[in-house]
Amino acid sequence: QVQLVESGGGLVQAGGSLRLSCAHSARTSSPYAMGWFRQTPGKEREFVAAISWGGTSTRYTDSVKGRFTISRDNSKNTMYLQMNSLKPEDTAVYYCAADRSYRSTSYQYWGQGTQVTVSS
């Protein structure tokens with residue numbers, strides 16, 4: 001069982017930045033890859049970014065490449081999503097998730113989500 005708690009969401013103007021954090025309970029003895037997803041009302045949850053346990057591998061959806069950066073600090077049991085040059089279409093509830101597989105298409109554990117709103 002892995003517990004996940006997101007924070008850092010809020011309201012920001014277009015072009016601004018936010019950093020999301022995800023506190024997790026994963027340990028080196030039981031490592032998990034992690035990812036960020038987002039969802040808007042009436043749409044399916046979509047993949048945003050993922051990072052391997054050691055942080056050496058990352059991947060992003062095309063729409064955020066060059067603007068978002070995923071990272072993690074396992075000594076602090078925290079994963080981050082630095083979001084720059086935000087656009088109104090980035091508005092969504094953002095979820096962090098954990099899974100054994102870095103390339104999983106069905107993450108096992110989920111946080112409760114944090115709202116990000118980008119005003120135009």
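Helices (H or I, at least four residues) and strands (E, at least two) are DSSP runs, numbered from the N terminus. The structure described here is a predicted model, in which local features need pLDDT of at least 70 and side-chain atom pairs count only at pLDDT 80 or more, while totals for chains, interfaces and linings use all residues. Residues are numbered from 1 along each chain as its sequence is written, and side-chain values use heavy atoms, with hydrogens and water left out.

Contact is taken to mean heavy atoms within 4.5 Å. When neighbours within four places in sequence are left aside, Asp90 is in contact with Arg38, Arg67, Phe68, Ser85, Val116 and Val118.

One of these contacts is also a salt bridge, defined as a side-chain nitrogen of Lys or Arg within 4 Å of a carboxyl oxygen of Asp or Glu. Side chains of opposite charge can pair when their charged atoms come close. The side chain of Asp90 meets that of Arg38 at 3.0 Å, N to O. Because Asp90 lies in the loop between E8 and E9 and Arg38 in strand E4, this pair ties together parts that are 52 residues apart in sequence. Both Asp90 and Arg38 are buried, and the relative accessibility of Arg38 is 5%.

Arg38 also forms a salt bridge with Glu46, where the closest N and O atoms are 2.6 Å apart. Glu46, at 33% relative accessibility, counts as partly exposed. The count for the structure comes to four salt bridges. Another of them is formed by the side chains of Asp62 and Lys65 (3.0 Å, N to O). Here Asp62 is exposed, at 60% relative accessibility, and Lys65 is partly exposed, at 48%. Through shared partners, salt bridges join Arg38, Glu46, Arg67 and Asp90 into one network.

The discussion now turns to strand E9. Seven of the eight residues of E9 are buried, so this strand is largely enclosed by the rest of the structure. Two strands are said to pair if DSSP finds at least two bridges between them. E9 pairs with E4 in the antiparallel sense over seven bridges, and within E9 it is Cys96 that stands opposite Trp36. E9 and E11 also run antiparallel and are joined by three bridges; Val93 has Gln115 in E11 as its bridge partner. Strand E10 (residues 109–110) likewise runs antiparallel to E9, with two bridges between them, and Tyr109 in E10 is the bridge partner of Ala98.

Cys96 takes part in a further link. A disulfide, meaning a pair of cysteine sulfur atoms within 2.5 Å, joins Cys96 to Cys22 with an S to S distance of 2.1 Å. A search of the whole structure finds one disulfide. The torsion about its S-S bond is about 55°, so the disulfide is right-handed. The pair links distant parts of the chain, since Cys22 is in strand E3 and Cys96 in strand E9, 74 residues apart. Both cysteines, Cys22 and Cys96, are buried.

The nonpolar residues remain to be considered. In soluble globular proteins, nonpolar side chains tend to be buried together. A nonpolar core is a set of buried Ala, Val, Leu, Ile, Met, Phe, Trp, Tyr and Cys residues joined through side-chain atoms within 4.5 Å. The largest such core has 28 residues, and those with the most contacts inside it are Trp36, Leu81, Met83 and Tyr94. Strands that each supply at least two residues of this core include E3 (18–24), E4 (33–39) and E9 (92–99). E9 gives the largest share, four residues. A second, separate core of six residues includes Ala33, Ala50, Ala97 and Tyr107.

Finally, Ser119 lies in strand E11 and, at 27% relative accessibility, counts as partly exposed. Apart from neighbours within four places in sequence, Ser119 is in contact with Leu11, Val12, Gln13 and Ala14. The C-alpha atoms of Ser119 and Thr28 are separated by 39 Å, and these two residues are 91 residues apart along the chain.

Key: Buried < 20%, exposed > 50% of the residue type's maximum accessible area, 1.4 Å probe, protein only.
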